[in-house]
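Dear colleague,

Please find the structure below, handed over for your files. My notes on it follow.

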Amino acid sequence: GLFQDAKAFLKAELGSILVKISEFGLYLSSLTTEQKLFLSQLNEAYSGKILSKCIKGERRENNIEGIPINALLYSDPTLFKDNLKILFNILMETGLGRRCIITFMHKQEDYTPETDFEKAYAQEQQYFRRLEKIGKEFFLLLSKINKNAVYELTKEAFKAFHEYKITLKESVKIEENSLLRKEIVSRELKALKLSCLFACLNHPQEEFIYLED
């Protein structure tokens, strides 16, 4: 299915694939052969390659390259504390941790609901108006990016990035946790991707990554 979607985007010459799994814990707790294959495909897709499948009686198609894929995987963390702890650690060891930006909310933020109906209704309306405005602003920004744009590091940005890489290499030497060591090594690529995203938002038609980005 992922391969067929990628074929469609390849013909369109525009767009990217978004994979969203809203109950990742449940997904991992009952993995089928196909689901294991799908996770393996996601790992490969990080490097820009979507592998075709070898099917009996059919001609094998060429692998697809150059289609961006983003994945949003989220879950209630309860399952990861007990049942899935070993499996999750294996996934982190085998590459998912290096490829993903992982966040964890250890406690819920305090929230006091508005008891007055009129005020609550007004707040709700204001929230959606602001949301719509922000959405339009993002759309206008992204529409200004040139097709197939490639953002390059300026000399000043490269200097800061180089110093950051050296700092990470020193951190790896003293880190004892094997999962964290793997994640630390990959941070330079995550920082580079984020800085490129900020460059797109800050100055979409200037195809450089500045120090501020």
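Is Cys-196 buried, partly exposed or exposed? Cys-196 is partly exposed, at a relative accessible area of 24%. Please keep in mind that this is a predicted model.

Cysteines. The number of disulfides comes to zero. Cys-196 takes part in none, and the nearest cysteine sulfur, that of Cys-200, lies 4.6 Å away. A disulfide requires two cysteine sulfur atoms within 2.5 Å, so the sulfur of Cys-200, with its closest cysteine sulfur 4.6 Å off in Cys-196, is too far away for a bond. Cys-200 is buried, with a relative accessible area of 12%.

Asn-148. This residue sits in the loop that runs between α7 (117-143) and β5 (152-153). Most residues other than glycine have a negative phi. Asn-148 is not a glycine, yet has a positive phi of about 60 degrees. Asn-148 is also exposed, with a relative accessible area of 69%.

Asp-76. The loop between β4 (69-73) and α4 (78-81) holds Asp-76. Asp-76 is partly exposed, its relative accessible area being 46%. The side chain of Asp-76 makes a polar contact of 2.5 Å with the side chain of Thr-78. Between Asp-76 and Glu-23 the C-alpha to C-alpha distance is 7.3 Å, while in sequence these two are 53 residues apart.

Regards

Definitions and conventions
Residues are numbered from 1 along each chain as its sequence is written. This is a predicted model: local features need pLDDT of at least 70, side-chain atom pairs count only at pLDDT 80 or more; totals for chains, interfaces and linings use all residues. Side-chain values use heavy atoms; hydrogens and water are left out. Buried means under 20% relative accessible area, exposed over 50%, partly exposed in between (1.4 Å probe, protein chains only). Helices (H or I, at least four residues) and strands (E, at least two) are DSSP runs, numbered from the N terminus. A polar contact is a pair of N or O atoms within 3.5 Å; within protein, one must be able to donate a hydrogen and the other to accept it, and residues adjacent in sequence count only if both atoms are side-chain atoms.
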